[in-house]
Amino acid sequence: MKPRAPRFPIRLDRVAPGAQAPMAPQRPQRPVHEAAADARRHSAPSGLGLDSGAVRARMVQRLRAQGLRCEPVLQALEQVPRHHFVDAALVAQAYEDTALPIGHGQTISKPSVVARMLALLFEGQSARQRGSLGRVLEIGTGSGYQAALLGVLGTQVISVERLRPLHERARELLQPLRRANLRLVWGDGRLGHGPNAPYDTVIAAAGGEALPQSWLDQMAPGARLVAPLHGAGGGQVLMVVDRTETDWVRQVHEAVHFVPLKSGIG
Ligand code: SAH
């Protein structure tokens, strides 16, 4: 059988808007020493590998310089290897402040937005008292990166993902981190996860038109929720909800851009 000819040009339409192409096209007629130097640059992203800790420390320094002051969150970001959760072709961009595609039309969120949401959670009443996010419900496991951070910051984490291939991939990626306090669930996160409720913390990585009632019902008194929500103007905003003994108190924060919260499983 004749081998199939490679299909050119390579389509880059699965690369998220704003993300760069993983590699510049190589020119076959270039002098060998130039091409070799280029290949070395591309195959060994600077600082990744043995000293990926140094690259992460720089990412954390940048977040600090932008005004993020929540020490537990900064420490968790310094600890969890984000490059482990992105596609091999995008590893060089893993510590840039950008969302990256993880397949199935979904993205791993931008580190600064993840950091901001986690810091908002830490400012909640029970997290401040406890110095931990306690029992956490995450909606939208995606790559599993944020779930890994939550595993460091909370006592128990239930993370729900509706797309089975992403759920399974996250399970594989999280295995080497051996976080016994992390449980991944394949299901519709709009229903929350009743068996482990109530939660001290609820965080969603996908935004809908309204906050599902189950999320509000599954919050313990003193709990805090952070989630993107479609605002009146059509764009998304970050919502914070605190459950008191008698009520749910809402605050609207900055504009954000998350993938949609969808119903059902896939
Ligand atoms: N926290 C993730 C970001 C993933 S993007 C990370 O660190 O990589 C948001 C995810 O929410 C997507 O994987 C999407 O499939 C998922 N999602 C959307 N609607 C959902 C729902 N109803 N229940 C569970 N997951 C949902």
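The questions and answers below go through a predicted model of a protein chain with a ligand.

Colleague: How many residues surround the ligand, and which element gives the most to the shell around it?
Modeller: The shell around the ligand, sorted by class, has 11 nonpolar, 10 polar and six charged residues. Among the elements that give two or more residues to this shell are β3 (135-139), α6 (145-153) and β4 (156-161). The ligand is surrounded by 27 residues, and the element that gives the most, with three residues, is β2.

Colleague: Which residue has a polar side-chain atom 2.6 Å from an oxygen atom of the ligand?
Modeller: The closest residues around the ligand include Ser-143, Glu-161, Asp-188 and Gly-189. In Asp-188, a side-chain N or O atom is 2.9 Å from a nitrogen atom of the ligand, while in Gly-189 a backbone N or O atom lies 2.7 Å from a nitrogen atom of the ligand. The residue whose polar side-chain atom lies 2.6 Å from a ligand oxygen atom is Glu-161.

Colleague: Which residue meets Arg-130 in a salt bridge?
Modeller: Side chains of opposite charge can pair when their charged atoms come close. The structure holds six salt bridges, and one of them joins the side chain of Arg-130 to its partner with an N to O distance of 3.3 Å. Arg-130 belongs to helix α5 (residues 125-130), whereas the partner sits in strand β6 (residues 199-204), 70 residues apart, so that the pair links distant parts of the chain. That partner is Asp-200.

Colleague: Is the peptide bond from Ala-197 to Pro-198 cis or trans?
Modeller: Pro-198 has its place in the loop between β5 (182-186) and β6. For the bond that runs from Ala-197 to Pro-198, omega is near 5°, and the bond is cis.

Colleague: What is the phi of His-104?
Modeller: His-104 lies in the loop between β1 (100-103) and β2. Although His-104 is not a glycine, its phi is positive, at about 60°.

Colleague: What is the average pLDDT of the protein chain?
Modeller: Over residues 5-28 pLDDT stays under 50, and the model has 21 contacts beyond four places in sequence for them. Residues 35-47 also stay under 50, with 11 such contacts. Across the chain, 81% of the residues score at least 70, and the average pLDDT is 86.

Notes
Residues are numbered from 1 along each chain as its sequence is written. This is a predicted model: local features need pLDDT of at least 70, side-chain atom pairs count only at pLDDT 80 or more; totals for chains, interfaces and linings use all residues. Side-chain values use heavy atoms; hydrogens and water are left out. A residue is near a molecule or strand if one of its heavy atoms lies within 4 Å of it. A polar contact is a pair of N or O atoms within 3.5 Å; within protein, one must be able to donate a hydrogen and the other to accept it, and residues adjacent in sequence count only if both atoms are side-chain atoms. Helices (H or I, at least four residues) and strands (E, at least two) are DSSP runs, numbered from the N terminus. Ala, Val, Leu, Ile, Met, Phe, Trp, Tyr, Cys and Pro count as nonpolar, Asp, Glu, Lys and Arg as charged, and the others, Gly among them, as polar. pLDDT is the predictor's confidence in each residue, from 0 to 100. Contact means heavy atoms within 4.5 Å. A salt bridge is a side-chain nitrogen of Lys or Arg within 4 Å of a carboxyl oxygen of Asp or Glu.
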